[in-house]
Amino acid sequence: MKYSGIGGQAVIEGIMMRNKNRYSVAVRKPDGEICVDVRDRVPLTDRYKIAGLPFIRGSFSFVDSMIVGMSTLMYSAAFYEDDENEQPGSFERWLEKVFGDRLDNAIMTISMVFAVILAVVLFMWLPLTVSRLIGSFIGSEPLMAFVEGIIRVAVFILYIMLVSRTRDIRRTFMYHGAEHKCINCIEHGMPLSVDNVAVSSKEHKRCGTSFIVIVMLISIIVFMIVRFEEPALRLLSRIVLLPVIAGISYELLRLAGRCDNPVVDLLSRPGMWMQALTTYEPEDDMIEVAIEAVNAVFDWKEYQSENFPEGPDETGKRLLREAGERRGRK
């Protein structure tokens, strides 16, 4: 594949697509209309020179993704709020009184803080506590750190499997698949259409799921080396070392998204496998939303004329044949 630089995420009944300093949010409204909103945002790695340095930029990119992700989620959720004529409750009135025009920013900040706390409890404190409980049967600190990492991965898999049982999350994972399919379609030199996107792969190397998997795998190695006896120091070390682990993981993910070779493909495999849980095959109307999001911020025709002057690559040609067969079955 030829690197395009675009990426995104699924939101409520829609897709966010980001390209350099611009991002779009396309949402399928309850009446069936697709609403597209385009915004500008300079990434933190471009605002501050130090934030763009290798092994440092990973943490800033993650924070930037969190900010954009939460704001776009709130934007998409606004289309599916309850009846506007319904009177707000006492707690909602109190929030409006305290925060006023800054209510949306306050809610986003509170949500991010809650998400971080939940992540610390589920993926740091819980695996550490369980590994300590069975530590007397292990008798080896490095092995105990390895078991802790395996428990962390198991908790993550169980969490994804549980939340995906709800209808809304399942549909969000379908939109996640549509996002990946659009990018894969473009990066194999295929014209961006519903049929071409539908036959493209729903897994992609630059996915946030892959980033999380790489973080968990790198953390196993780091925590096997950096060890503390005190339980409190162990938990603190997990939090303090997270930016270091995120920085290493980001560089590996960045490398995987920009080159194709057997070693990089092997390193990408665990993340690609995990995407089987976080991406589902989308419906055609979801693909239409993803295409609108791409078109709003990315000139894929210019990109393909520069990178695929002779037409789609071999994978793209095969997928085009499959797309033709799909059209024939309709």
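Mentor: S249 belongs to helix α10, which covers residues 242-258 (helices are DSSP runs of H or I with at least four residues, strands runs of E with at least two, numbered from the N terminus). The model is predicted, so local features need pLDDT of at least 70 and side-chain atom pairs pLDDT 80 or more, while totals for chains, interfaces and linings use all residues. Residues are numbered from 1 along each chain as its sequence is written, and side-chain values use heavy atoms, without hydrogens and water.

S249 counts as buried because its relative accessibility is 0% (buried is under 20% relative accessible area, exposed over 50%, partly exposed in between, with a 1.4 Å probe and protein chains only). Leaving aside residues up to four places away in sequence, S249 touches F211, I214, V215 and I218 (a contact means heavy atoms within 4.5 Å).

Y48 is classed as partly exposed because its relative accessible area is 47%.

Of its 330 residues, 42% are buried. Among contacts in the chain with a separation of 6 or more, 70% link residues 24 or more positions apart. The C-alpha trace of the chain extends about 65 × 60 × 45 Å along its principal axes. The chain exposes about 18,000 Å², and carbon and sulfur atoms supply 62% of that area (by the Shrake-Rupley method with a 1.4 Å probe).
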